[in-house]
Amino acid sequence: MKITQDIKESTIIMTLDGELDASSSVILDEELSDPEIMKYSKILVDCQNLNYISSAGLGVFISHLQRFEDAQIKLIFFNMQDKVRNVFEILGLDLLMTIVTNYEEAITIADE
Amino acid sequence: MLYKTNVKSLLVTAAIISWVLLLGNVLLMAESVRQPGAIKLALPYINNLLIIVFILSVFLFQRLSANNLKGIDFSSYLWNLFSKAAIAAYLSIALYFAYKLSTGYARLQSPLLLHLVYQVNFGLLVYFLAKSFYIWRQLLLYHKNKFLQVAWEWFELLLFSTLILTLLNFNYTNYIFLPLFGLFGCYILFLCTNLKWVAYLSFNKKSRSLVLLGAILVSCYIFTKFFQEFSDSQELVIDYSDVGFLMLAMMFVGCYTLAAFLVSLFSLPTSSVFEQKSEDLLNFQRLSQSIQQGQNESQVYNTLFESTIKASDATAAWFEMVRGNNTHVSHLLNINNEQIERIRHLLLAYNIQNIDYINNNLDRNTGFRDLALPWKSLIILPIKSKKHIFGTLYLLRDIEQGFDRETVNVLRTFTSQTILTIENLRLVAESLQNERYKEELKIATQVQESLIPKTFPTDSWFEIATHAVAAKEVGGDFYDFLQLSESRIAIIIGDVSGKGISAAFHMAQMKGIFHGLMQQDMPPSEFMKQANSALSRCLEKTSFITSSLYIIDYRMQGFMFARAGHCHTLYYNAMMEDVFYFQTDGLGLGIVRDKSYNNHVREMYYDYNPGDVMVIYTDGIVEARNAANDEYGEDRLKYMLTQTYHLEAEDIKCAIINDLEDFTGPDNLYDDQTLLVIKFKPVQPKA
């Protein structure tokens, strides 16, 4: 699992590369727990190279969801692979989280 | 059968009797010399025989006693020899002077008294020789090899064979024997070179041994002098200096004592080096044994600190331990914190606090000179492996060139041994921890197994087949049922996120919630809402549970169900001959922890027909992967049902599981797999 951050003004673009399982979800949790991240109003998560997400990985996003919502930080996923999106949908997370097809769409929604 | 103690007492008796008889015979002889008219009762050859018996019994007795001596406390051997035998020489000289004094004062010539003194001294001499002979054997054969052992046995044999000369009354000073005795002397000299034990004496023990060896040497001298004095005396009827055996034995004892004395004396200056080496070795041993002895890291550091100071003779030292990102001084010797701080500041400026560093001329370095420290040499030894830095050791000496290459090598060996020991200690601790986790997982597996029902109710209107395997790590799959009434049954399936003990614990909670809430017989959507509310209070933030609940009503020929984030239900409708997934919405439990969850759960009612098949499963089935990392997937599962729906529930299940195993290959289980196949049957009229 590799996580890279790209910062553009008030937007932070997080690129996930690899498989998000029980062990790598710890890294993600550290990144999302960083107090610095609360400075940005938009977090865009690029899932193009995210091949797999386990329940532990989902748990990390779920645990931070409420915190971002309270701080009015928009969390937007984009470029999600079908099988990963399926996992989000089965769990019902597609109704709670913003999942869009591509970067342009993510930017548009983030700027609304 | 003669026992050793019996033999010993026999020898003592033989020695005493032979000596007394010898004394009697000698006195008789002396009497017959004084009074030429007296009857010659004494026989000369008897004397020789008695001498040999006496010598042999004393030597054999000592030979047996010496075998009991063990251990490597050589100075106690020497003390034993001195206190029990060498002192005899001083006794004998005291006795002689007492005789001289008494004859001097009383002015009386008593050949009887002289013979008595001479005889007693002979007894003491033999005892001394026997004792020292066998103690020297013990020391000489220390660290022996085969050759030395054989050489000694021959020496003993040859020496004892010289007693034959005495028995036959040969004069050993005869020119025939002289070259032989010369050769024998060389043999003795060769034996005297075996002094390995001296090397094992420490400086203190060596100086004590020198005193003892000196005293023993004096004993040898006294005895030799005494018997030489009387060798050609006209007053005596017997002359023990004629006994070649005694002369040779004395030669060996004297030579060996002298050799030991000289070697001890000359090795005295080097003994501190050997002491240091053996001390270092012992400390290495202590370091490497720390693991077996169950010591902790701080004890290892104590050993390191003490041993390196001893090995380098350092006058001041300190050790900094690294814990996480902090360092703190854990050991101090002759240095205060302020001085340490100053040295560290300087080292920080040079950037050399974490590498091997030696400065043998601190005074020539301006930085150190400005600190005005009382030391002239410094060595820094970081204790670090490739992965960790454990600490840094600083040693200081008050002389220039204080750390020579030899010392530095020893110090480095100490530090590398310490690193090894610490790493091994950590590995041992880690493996213990792993053992504990394994034990924990075992418990969790047992808990999980006990939570899953082994038997389902069998009834005429439906059949059910189940399959459940847990991956190596305990996962959180579970299913359960509850008979609500005669014609209604509730079936729940779920998956708890996370693994191990916590998953097993949440499973147990979920089972409790299921049984608790369903007692009140509520619709599935209501159950999900209440379960979510209950779990919200106890589930940790990163955990959630997916679940589906089905209530099958046989009288109504239908079922109600709700899905909370769980995998879609696969269904075969016999009437339409169609296989499809129920695509319903539903959020997992514990994801939203307030009332808004109520908007995220849907309930569905479906009328079933006889022959319909319902397949319930967990994500371990559809997310199972093959070697190429492809997922089994919903489509393949659906296809399997289209091929097998006409079979019985058990056979459908087997067909799916077999296909799944064909797909993944053997031993390729990443996640728990649970599969339930329910087939509705035409209602049978009750008998």
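A salt bridge is taken here as a side-chain nitrogen of Lys or Arg within 4 Å of a carboxyl oxygen of Asp or Glu. By this rule, one salt bridge is found across the interface of chain B and chain A in the structure, which is a predicted model. The partners are Arg625(B) and Glu19(A), whose side chains meet with an N to O distance of 3.1 Å. On the side of chain B that touches chain A, the residues divide into five nonpolar, eleven polar and seven charged.

The interface was further described by its contacts and its area. In chain B, 23 residues are in contact with 18 residues of chain A. The size of an interface is often given as the accessible area lost when the parts come together. Between chain B and chain A this buried area is about 1,600 Å², and carbon and sulfur atoms give 61% of it. Three residue pairs in polar contact are counted between the two chains, with both residues of each pair at pLDDT 80 or more.

Side chains of opposite charge can pair when their charged atoms come close. Over all chains, the search of the whole structure returns 21 salt bridges. One of them joins Asp111(A) to Lys42(A), with the closest N and O atoms 3.1 Å apart. Because Asp111(A) belongs to helix α4 (residues 103-111) of chain A and Lys42(A) to strand β3 (residues 42-53) of chain A, this pair ties together parts that are 69 residues apart in sequence. The two partners are classed as follows: Asp111(A) is exposed, at 52% relative accessibility, whereas Lys42(A) is buried, at 14% relative accessibility.

In chain B, the side chains of Asp356(B) and Arg412(B) form a salt bridge with an N to O distance of 2.5 Å. This pair also links distant parts of its chain, 56 residues apart: Asp356(B) is in the loop between α12 (337-350) and β3 (357-359) of chain B, and Arg412(B) is in helix α14 (residues 405-451) of chain B. Asp356(B) is partly exposed, with a relative accessible area of 38%, and Arg412(B) is partly exposed, with a value of 35%.

Glu650(B) counts as partly exposed, at 39% relative accessibility. Lys653(B) has 10% relative accessibility, and because buried means under 20% relative accessible area, Lys653(B) counts as buried. Elsewhere, salt bridges that share partners join Arg488(B), Asp521(B) and Asp553(B) into one network.

In soluble globular proteins, nonpolar side chains tend to be buried together. The largest nonpolar core in the model comprises 83 residues, and the residues with the most contacts inside this core are Phe59(B), Trp136(B), Trp197(B) and Tyr240(B). Helix α4 (residues 111-140) of chain B gives the most to this core, contributing 16 residues. When neighbours within four places in sequence are left aside, Tyr240(B) is in contact with Leu22(B), Val26(B), Ile51(B), Tyr118(B), Gln119(B), Phe122(B), Phe227(B) and Leu246(B).

Conventions:
Residues are numbered from 1 along each chain as its sequence is written. Chains are lettered from A and ligands numbered from 1 in the order in which they are written. This is a predicted model: local features need pLDDT of at least 70, side-chain atom pairs count only at pLDDT 80 or more; totals for chains, interfaces and linings use all residues. Side-chain values use heavy atoms; hydrogens and water are left out. Contact means heavy atoms within 4.5 Å. Buried area is the accessible area (1.4 Å probe) that two parts lose on being put together, summed over both. A polar contact is a pair of N or O atoms within 3.5 Å; within protein, one must be able to donate a hydrogen and the other to accept it, and residues adjacent in sequence count only if both atoms are side-chain atoms. Ala, Val, Leu, Ile, Met, Phe, Trp, Tyr, Cys and Pro count as nonpolar, Asp, Glu, Lys and Arg as charged, and the others, Gly among them, as polar. Helices (H or I, at least four residues) and strands (E, at least two) are DSSP runs, numbered from the N terminus. Buried means under 20% relative accessible area, exposed over 50%, partly exposed in between (1.4 Å probe, protein chains only). A nonpolar core is a set of buried Ala, Val, Leu, Ile, Met, Phe, Trp, Tyr and Cys residues joined through side-chain atoms within 4.5 Å.
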